[in-house]
Amino acid sequence: MHESWDSLHVSIKAQCPICHIVWRNTRPAPFAVIRPEKGHFTSRWLRRGNLQRDPRRIEIKHPNADGDDCCTMINIIRRVKSESPEHPIDPSDNEVYDRELGLIRSTPLSKDMMSQSSLAQIHSWLETCIAGHTACSAHLEAAAKLGARSPTRLIDLQGPQATSWSLVITADNPTTTFQYVALSHRWTADIPKLTQAVFGQLKSGQSDDTLPKDYQHVMALCRALSVRYLWIDSLCIFQDSPEDFRREAATMANVYTGSLFTISICWPSKSGCIRTREPSAMVPKVLLPTSDGDQREVALLVDNHQWVRSVSFAPVNSRGWVFQERALSPRILYLGNEQYYWECDSLTACEIHPRGMPRKTLYSDPFLSRAEMLRPGELNRRLNFSWPKVVDQYTRTALTFQKDKIIALSGVARQIASTSGDEYVAGLWKSRLFPDLLWSPYNDGKQQQQPSTCYAPSWSWAATSDHVNLADIVYNPGDDTGKLMQFGIPHMKPLAQIIDTCVVPSDQDVFGDIRSATIDLTCLLIPAEAQDCPLYPEQVSGRTSEHPHRYSSKTKVVSLGRWSSDQESEPEKFSLDRSGGFIKFSSPYDQSLPYFLVPLVHTDHVQVGTLYRVPPAMHGLVIQLETHPENRQFRRIGMFSINIFYVGTSALLRALIVNTLLKLVPAGRQTAKTEDGNRDDESEKNEEETYLLFVSRLRAFLQTDEVKGNTSDPQAWVQTDDWLDARWSTVRLV
């Protein structure tokens, strides 16, 4: 461990491969220059730096350029060249070494990233993918279902030797086949834009040097790869026309899936995204001399965080629009680092590892692969396991305009709908509507953001600008969530009925901006009120002077009304304390108005692997009446979960809810009381039959041993004849 920044600086300059890996994981950007001066970084390094080493790994904990703690992990893959008593040969080590060595390029890198060897490598990745990658072919087949067509406008690069470009309208050239590359990048303040005023000039032609260096480098690379057409959003969509933006935004799935590949500028710079490099500092193979100086061992140094820090955590991938660009592109070439990185459904590689990244370098990549997200087949498993990850990762990203929250994911949603046949409902899926309704903002102790300025119904995760977690409901592989309302999933049953969903888009695109959206439910309405209780620090941070009743994210004490058979006047108060479950509020609410708990789903024990068994639980919504008394509509203000681990208020509340449902859910031909004030009193015959079938199944389920825990967990049930102050109603959520 170097004891000073000066010492580390000297070692980096001397091209020590270990120290250079540390520098690559510490610097603020790949184009940062190593400097010898001391500063605040030195004190942080000496105070918090730590090195742990064993024969197979070096782990260095140190601050990064922002002052946050980070960890550099370097795997050491050894091979003993000649055996000795001190250095025995381990066949398994040598086998791993030989396998990893096979991934490393056999010829040295050039300092020039536009060299023939680097361009040949890109050609090789592209040609291999087109000719031999089965998974990538499946991706393109899925894309073809969207109806492939050329983008409305493209940039004509005018040939390999050209130094100027022009904007072309593809519809004006119906006989031309437009094979193009799409650009994915992070917008900056001085980015060139297509407007009505400059449209004519751009069609006539412009010199390359009128554009930023990043754009110039991308154009030069395309020409060197014999690609004539390029799509860049800022220059191919009118930036002063909301109508053109909405129209073109609806075609994003076509633009990126139809491209030959996408170029992504990971690390933008005013000096450009292709620069000279020092190849000797990037060689992963080193000799390890023994104490007598004999070089019996050779080792490969594998930076475990190389892919994540160079690509996944690069600035470009922190942007909301880029999330779907990465997801939809059949192939991506990443620029802005010291080497080119490649990603498709079958291969993740870089110039040093052209045949594939070492496996350990991909373990910590949070991005859900396109193969998992969009590949046809296995619909139920993909939506159950992948969609919560999509929402989790997408809501981690940032948008310049929160109003783009839904439309910036519309391409991904459109392709999933195309391959699955499912119905998209304002950020949720019809087949798994109840699980998707149970989202909540992550509670990380930071101040909650304001609600999203994007119009979205209160029940959609797009209604908040926070990082969102979908309900942690465990599925078994093969669960068909579309059968939930028919009681067709063994370990999961509905406690409410979906009557109708209605989404009215701003135009004709159901995946784009929304004008209004509603869900009609027949459900149990349980009046509730929050009790005065001490809040955790992170809950206090969720309150602001602007919103004195701003939500606290984990209010756990709630008061309900409890009836017993010997009561005649009014129900007594029953408190769900902290051992009983939790409520997570997701938006501000009016404390002068009552709110209600709405049970949606009951889950039984689920076995996960051989060691972990998920206990039974109930999950539902927290809703509040809108302040407009004439329409009697409700908005979602949170969710609740009752996890039954042991006898206590959670088990008691579960029993009270079951008793209440059995008492209030009609057994015969009774219709639910309507709360929205807008429904037609005369129900269609098939709707009535569906309702009667649902309530009969619900009542039958509520009387089974599965609910009362007689077989699965007797301790999770409390014997009581009491019930809750509630009513069985039909409500409209807006």
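Student: Quick one to begin with: where does Gly-356 lie?

Tutor: Gly-356 lies in the loop between strand S14 (348-350) and helix H14 (370-374), where helices (H or I, at least four residues) and strands (E, at least two) are DSSP runs, numbered from the N terminus. Please keep in mind that this is a predicted model, in which local features need pLDDT of at least 70, side-chain atom pairs count only at pLDDT 80 or more, and totals for chains, interfaces and linings use all residues. Residues are numbered from 1 along each chain as its sequence is written, and side-chain values use heavy atoms, with hydrogens and water left out.

Student: OK, and is Gly-356 buried or exposed?

Tutor: Gly-356 has a relative accessible area of 8%, so it counts as buried; the word means under 20% relative accessible area, while exposed means over 50% and partly exposed is in between, with a 1.4 Å probe and protein chains only.

Student: Which residues is Gly-356 in contact with, leaving aside its neighbours in sequence?

Tutor: If we set aside neighbours within four places in sequence, Gly-356 is in contact with Leu-103, Leu-347, Thr-348 and Ala-349, where contact means heavy atoms within 4.5 Å.

Student: Switching to S28, how many of its residues are buried?

Tutor: For strand S28 (residues 617-625) the count is 9 of the 9 residues, so the strand is largely enclosed by the rest of the structure. S28 pairs with strand S25 (residues 595-603) in the antiparallel sense over 8 bridges, and the bridge partner of His-602 in S28 is Met-618. S28 is also joined by 9 bridges to strand S29 (residues 634-643), again running antiparallel, with Ala-617 opposite Asn-643 in S29.

Student: Helices now. At what angle do the axes of H13 and H16 cross?

Tutor: The axes of helix H13 (residues 320-328) and helix H16 (residues 410-420) cross at roughly 35° and come within 8 Å; such axes are lines fitted to C-alpha atoms, for helices over the stretch in contact, and angles run from 0 to 180 degrees between N-to-C directions. Gln-324, Ala-327 and Leu-328 of H13 make the contact with Ser-410, Gly-411, Val-412 and Gln-415 of H16.

Student: And why is H16 called largely enclosed?

Tutor: Because 10 of the 11 residues of H16 are buried, among them Arg-414, Ile-416 and Thr-419. H16 is followed by Gly-421, whose phi is positive, near 80°.

Student: What follows H8, then?

Tutor: H8 is followed by Ser-226, whose phi is positive, near 65°, although Ser-226 is not a glycine. Ser-226 is placed in the loop between H8 and strand S8 (229-231), and with 62% relative accessibility it counts as exposed. Helix H8 itself (residues 213-224) is mostly covered, with 9 of its 12 residues buried.

Student: Where is Phe-487 placed?

Tutor: Phe-487 is in the loop between strand S18 (468-469) and strand S19 (492-494). Its phi is also positive, near 60°, in a residue other than glycine, and Phe-487 is buried, with a relative accessible area of 14%.

Terms used. Pairing = 2+ DSSP bridges.
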